[in-house]
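Here is a short tour of a protein complex, written to be read with the structure open beside you. Turn the view as you go, and take the chains one at a time.

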Amino acid sequence: MLHIVNKSPFTTTSLESCLRVSKPGATILLIEDGVYGALDGSRVSAAVRAALADRTVCVLGVDAAARGIEGKVLDGIDVVDYDGFVDLVAANDGVQSWL
Amino acid sequence: MSEAGATKKFLYINRKAPYGTIYAWESLEVVLIGAAFEQDVSLLFMDDGVYQLIKGMDTKGIGMKNFSATYSALGDYDVNKIYVDKDALAERGLTLEDLQHLVWEDENEDWAEKDSIRLVSRDEIAGLLEEQDVIFNF
Amino acid sequence: MKFGIMVNEGPYTHQASDSAYFFTKAALDKGHEIFRVFFYHDGVQNGTDFTTPPQDDRNVVKRWSELAQEHDLDLVLCVAAAQRRGLVDEDEQKRHGKDGHNVAPGFRISGLGQLIEAGIQADRLVVFGD
């Protein structure tokens, strides 16, 4: 299953709820302001790092670059482009947008 | 109406409080229209969405239409799988008793009245999401 | 694969419409089919014909209209949401006695059933919003 998070973890509980409810094997894609969840060294980095143990976490590269953080994401987080975003949707049976 | 043999599992997820924004009401409008399409429908209330089900709302003072009654009508639209995140309730100092008592009538059991609300854990929510064909968020 | 796209926010205030546009474009470029793009809540504002964004910024509405024309896309504005927010096509103008109509090329106003149908007919429904 693909989970999409588009808000900063400091603005809403979307990332937190996503991490609590996504199952092992799921893919979490951070887009728009959600890319801030990928920043290393933040209050939520430990939770995101823990998720990397059994889930795939990706960040939309153009959104990270727009916000000046592309080089600062946690190790283990994949950077994808819109083609990759489309592929993720196609490859996963379900899509959950955490609005 | 659904294509022959093509019933899909539809889940409508509500995570926002009512009245501060329009999402709660406009998501109900989708559910009501969607009911005519005879899919396998479930509703999930989690995070601030659980606030939508609190009983005894009085909106006269804010001049907005009170749409609480629409939740109680859902049973008549064959929408009777209403999942509520029990941890979201507890975090917010709420219990099932604070919520509207939503029911439906089971025509297969002589129209016996049954509860529509099912309290679920986060693990159960994880499983619920994975079962769905189509998930709406507002 | 057939995609349904739902856009819940209007142009400029949220990034949702931009994200939906780039996703839709990428999906089309990869050879996927877009069954419908359905605009709900403030998303109906993506269909207004009266925006005049600054010259040095993207034109969100025009971009959707052009993509629709290039790929014969079905861009639908929810009628209930449109009525609340003042998006009016010629039918709605006559029906409600308005002074004009303001739906941009490539968009049409229709009911929520079109969203449900997209959920049923598409292989994937992707929601962009707040």
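A residue is called buried here if 20 or more other C-beta atoms lie within 10 Å of its own C-beta atom. By that count, 51% of the 99 residues of chain A are buried. Please keep in mind that this is a predicted model. The predictor assigns the complex an ipTM of 0.97 and a pTM of 0.97. For chain C, the mean pLDDT is 98, with 100% of its residues at 70 or more.

## Chains A and B

Let us begin with the fold of chain A. Four helices and five strands make up its secondary structure, and they follow the order β-α-β-α-β-α-β-α-β from the N terminus. Does the radius of gyration of chain A agree or disagree with that of a compact globule? It agrees, because a compact globule of 99 residues would have a radius near 13 Å and chain A has 12 Å.

Chain B has four helices and seven strands. Along its sequence the pattern reads β-α-β-α-β-α-β-β-β-α-β.

| Property | Chain A | Chain B |
|---|---|---|
| Span of the C-alpha trace along the principal axes | chain A: about 30 × 25 × 25 Å | chain B: about 50 × 30 × 30 Å |
| Residues that count as buried | chain A: 51% of 99 residues | chain B: 39% of 138 residues |
| Contacts joining residues at least 24 apart, among those between residues at least 6 apart in sequence | chain A: 66% | chain B: 78% |

## A covered helix in chain A

Now find helix H1 of chain A, residues 14-21. How many of its eight residues are buried? Six of them are, so this helix is mostly covered by the cut-off of 20 or more C-beta atoms within 10 Å. The buried residues of H1(A) are A:Ser14, A:Leu15, A:Ser17, A:Cys18, A:Leu19 and A:Val21.

What covers them? Within chain A, the cover includes strand E1 (2-5), strand E2 (27-30), helix H2 (45-51) and strand E5.

## Where chain B meets chain A

The contact between these two chains takes 11 residues from chain B and 12 residues from chain A. On the chain B side, H4 and strand E7 (134-137) each supply at least two residues. H4(B) gives the most to this side, with five residues. Sorted by class, the side of chain B that touches chain A has six nonpolar, two polar and three charged residues.

## Where chain A meets chain C

Chain A also touches chain C, in a contact that takes 11 residues from chain A and 17 residues from chain C. Helix H4 (82-91) and strand E5 (95-98) of chain A each supply at least two residues of the chain A side. Which element gives the most to that side? H4(A) does, with six residues. By class, the side of chain A that touches chain C has eight nonpolar, one polar and two charged residues.

Technical notes:
Residues numbered from 1 in each chain as written. Chains lettered and ligands numbered in written order. Predicted model: local features only at pLDDT ≥ 70, side-chain atom pairs only at ≥ 80, totals over all residues. Rg over C-alpha atoms; globule rule 2.2 N^0.38 Å. Buried ≥ 20, exposed ≤ 12 C-beta atoms within 10 Å, placed from the backbone. Contact = placed C-beta atoms within 7 Å. Nonpolar A, V, L, I, M, F, W, Y, C, P; charged D, E, K, R; others polar. pLDDT = per-residue confidence, 0-100.
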